[in-house]
Amino acid sequence: MSKRYLSVAAVVGLAVAGLGTTSATAATPTASPSKVSTSTASSIAEYNGSGEEKAANKAFFEAVLKSVAEKRAAHPGAKSVTVVYDASGAPKFAQQISSSASIWNGAVSNVKLQEGSSGASFEYREGNDPRGSYASTDGHGKGYVFLDYAQNEEYDSTRVTAHETGHVLGLPDHYEGPCSELMSGGGPGPSCTNSQPDANESGQVDQLWANGLAKALDKLDKVS
């Protein structure tokens, strides 16, 4: 993957971006991730994200919150929320997806990832895309993580998958960060193989989902 892994933004106003420098929903990417080994501050600054892209990512995250609300209503005493994902659309990355879920489940407390085909809040897909790997929405309130073959050959595949899953949990990209930051994505280059979020990233997810639970319950009250 290039310096970018594409992202899904949270409702709380996190930046919409990817493993590199263009949007997952951009109509005409400026460069192929397989040909860009590093990214620069100037190229990152070029991407601001359109209103349509931000709205699509907001719809994705709201769909996840709706799923959270339903689960909280069914299990009001639960200390954490389980977000179900469907990995059947990315069989070549089954091991990396499972590892990513285990990584995040071991790093955070307020949300847990669980594989399942029924009632999934998001899914994983695989294939070839010049934009690389990214997390996005299908425009109908459902989200997916796309894993690009070429990018996963150039970069550590578990890091790519865990990074994109971090977007699903609400984290933005931070390309300027060191290899020790999972959300620095491809910034440190292909030699970086760290697939673990640091303490700050784990804390952000826990804080977001602690707030997310309250928002989800409020959303459920309004639609009940």
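Let's begin at Arg 125, which counts as partly exposed because its relative accessibility is 29%; buried means under 20% relative accessible area, exposed over 50%, and partly exposed in between, with a 1.4 Å probe and protein chains only. This is a predicted model, in which local features need pLDDT of at least 70 and side-chain atom pairs count only at pLDDT 80 or more, while totals for chains, interfaces and linings use all residues. Residues are numbered from 1 along each chain as its sequence is written, and side-chain values use heavy atoms, leaving out hydrogens and water.

Arg 125 forms a salt bridge with Glu 123, with 2.6 Å between the closest N and O atoms. The term salt bridge stands for a side-chain nitrogen of Lys or Arg within 4 Å of a carboxyl oxygen of Asp or Glu. Side chains of opposite charge can pair when their charged atoms come close. Glu 123 is partly exposed too, at a relative accessible area of 27%.

How many salt bridges are there by this rule? The count is two, and one of them links the side chains of Arg 131 and Asp 129 at 2.7 Å, N to O. Arg 131 is buried, with a relative accessible area of 16%, and Asp 129 counts as buried at 11% relative accessibility.

Asp 129 lies in the loop between strand E5 (122–127) and strand E6 (134–137); helices (H or I, at least four residues) and strands (E, at least two) are DSSP runs, numbered from the N terminus. Leaving aside residues up to four places away in sequence, Asp 129 touches Tyr 134, Phe 146 and Asp 148, where contact means heavy atoms within 4.5 Å. Asp 148 is 19 residues from Asp 129 in sequence, yet their C-alpha atoms are 5.9 Å apart in space.

Asp 148 leads us to strand E7. From E7, Gly 143, Val 145 and Leu 147 point one way, and Tyr 144, Phe 146 and Asp 148 the other. Six of the six residues of E7 are buried, so this strand is largely enclosed by the rest of the structure. E5 and E7 run parallel and are joined by six bridges, with Phe 122 opposite Gly 143.

Phe 122 also takes us to the largest nonpolar core, which has 28 residues. Such a core is a set of buried Ala, Val, Leu, Ile, Met, Phe, Trp, Tyr and Cys residues joined through side-chain atoms within 4.5 Å. Among the members that touch the most others are Phe 122, Tyr 85 and Trp 104.

Key:
Two strands pair if DSSP finds at least two bridges between them.
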